[in-house]
Amino acid sequence: FVCYDQKWYVLNGKDGATAVVKDGTNGKNGANGANGKDGSNGEDGVSCSGVAFKSGDSTGFKIVCGTDTLGVILNGKDGVDGADGNNGRHGLVPGLAKKLVKRMKRGINASAFFSGRDDFSEFDDNIFMSDWPLYTDTSNYDRLEKKHFKIIADKGFDHIRFQIRWDTHFIGKKAECLINPEYMKQVRWAVDNTIANGMIAVVDEHELLMSQRVTDNNKASNSYTYKTASPCEKKIYQQITEEMKDISPDSLVIELPNEPTTDEYITATQWNDLVDSLIQIIHGIDPARVIIVGSRNYYSKDNLNELQLDDPNGLLMASFHYYEPYKFASNCGSGAPPADTCGKETWEGTNNQKMAIYKDFEQVALWSKSHGNMPVYLGEYGTIYYIKDTASVEKWLTSITQIADYFGFATSMHNFGGDYYVYYFEKDKWVDHKLR
């Protein structure tokens with residue numbers, strides 16, 4: 001085996017066969033078969049193995065090739081016992097965000113954790129169910145089963161973005177902002193299953209404590225403001241990072257709070273201060289981790305220029321969300337069953353309509369270029385479930401995806417479940433026109 005460019009390759013040379021020396025069977029055409037003794041059946045060739053220092057010892061492995069030890073691989077717990085680990089944990093890879101944005105090319109949002117239930121007694125390592133009804137049907141809830149991770153991977157998706165709400169799962173006193181460890185276990189369950197199926201996991205804090213919706217809902221109770229919410233956000237990210245720090249930076253990305261709103265709830269200065277603080281917290285615990293950062297006004301492309309980001313190691317990825325034209329993609333919004341006037345808008349995919357998307361994405365690309373070609377993540381785009389003209393939906397999704405690909409943005413469709421669903425749980429099938 002050889003590890004090259006973050007992938008393992010198997011080198012099989014039975015009978016000396018390689019791309020260069022033809023066959024080598026019984027020594028014929030087996031020139032340059034060093035150490036192979038004519039290459040007959042591959043006997044006497046040198047193979048390499050990883051051999052533990054001693055039985056049951058997890059300190060490290062010797063790399064033994066034939067009778068020669070070529071070197072060692074040390075297992076360093078947080079850099080301790082690893083001698084040369086220097087507390088590096090994973091080892092920082094400069095510019096990793098640009099590499100990951102290519103590997104994250106096609107993703108999907110999963111909303112089951114948006115506001116998950118508090119009772120985990122029935123969790124059986126097979127299913128997580130939220131308390132968020134699907135398709136406005138109060139008898140049917142968003143759920144994420146173990147089988148779904150493979151289903152998503154088998155359709156060619158490269159990553160899953162988990163929309164997670166943490167503040168409804170605190171234990172103890174409110175000001176302590178301690179995440180219920182049972183809830184954290186379920187999030188970790190989803191992350192581990194994502195990685196086990198060959199995809200990258202993105203973990204966010206989906207309902208910013210001082211966002212407009214939460215503030216309006218909670219004015220009579222906890223009345224979060226920037227002053228009270230900011231310390232809590234820092235505690236949330238400290239706990240997330242501590243829980244996830246053992247996961248390879250190639251397999252997990254942490255996203256900062258989702259969709260901050262406008263001046264009434266958080267100013268540009270406050271948002272930049274919070275972003276800076278959270279980046280320092282994450283990299284203080286896990287220096288190699290790639291971090292996604294979005295802009296105010298619900299991750300609007302027009303507010304990217306407010307961001308003040310310092311990224312000396314190339315570990316940041318900028319994000320925006322896109323639902324334009326909103327009257328078509330989201331129309332009457334989520335919630336109550338739609339009125340008769342909802343969902344009747346169409347999108348024909350004319351050149352002018354496509355050019356409007358192109359210009360919006362070009363604006364983001366130019367911002368990226370002016371910031372050292374910072375990689376860009378289109379973290380959400382999608383259409384609400386009750387749009388009647390499926391041909392319009394397919395044209396719009398296709399145009400968004402193709403134009404994003406043109407500019408090199410990674411994409412994540414909204415949403416596996418929820419009101420923008422791409423997968424229909426009751427029938428255990430994909431929504432074909434959206435998947436295409």
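**Aromatic pairs**

I began at tryptophan 132, which is partly exposed, with a relative accessible area of 26% (partly exposed lies between buried, under 20%, and exposed, over 50%, using a 1.4 Å probe and protein chains only). I was working on a predicted model, where local features need pLDDT of at least 70, side-chain atom pairs count only at pLDDT 80 or more, and totals for chains, interfaces and linings use all residues. Residues are numbered from 1 along each chain as its sequence is written, and side-chain values use heavy atoms, with hydrogens and water left out.

Next I looked up the total and found 31 aromatic pairs (ring centres of Phe, Tyr or the six-membered ring of Trp within 6.5 Å; planes under 30 degrees apart are stacked, over 60 edge-to-face, the rest tilted). In one of them, phenylalanine 114 and tryptophan 132 are tilted, at 5.1 Å centre to centre and 40 degrees between the planes. Phenylalanine 114 is buried, with a relative accessible area of 11%.

I then checked tyrosine 323 and tyrosine 420: their ring centres are 5.9 Å apart and their planes at 65 degrees, so I noted the pair as edge-to-face. Both tyrosine 323 and tyrosine 420 are buried.

I also found a cluster linked by ring pairs, made of Phe320, Tyr322, Tyr358, Phe361, Tyr406, Phe407 and Phe409.

**Charges over rings**

Arginine 117 lies over the face of tyrosine 141, 4.5 Å from the ring centre (the cut-offs are NZ of Lys or CZ of Arg within 6 Å of the centre and within 35 degrees of the ring normal). I noted lysine 434 too, with its charged end over the ring of tyrosine 421, 5.8 Å from the centre.
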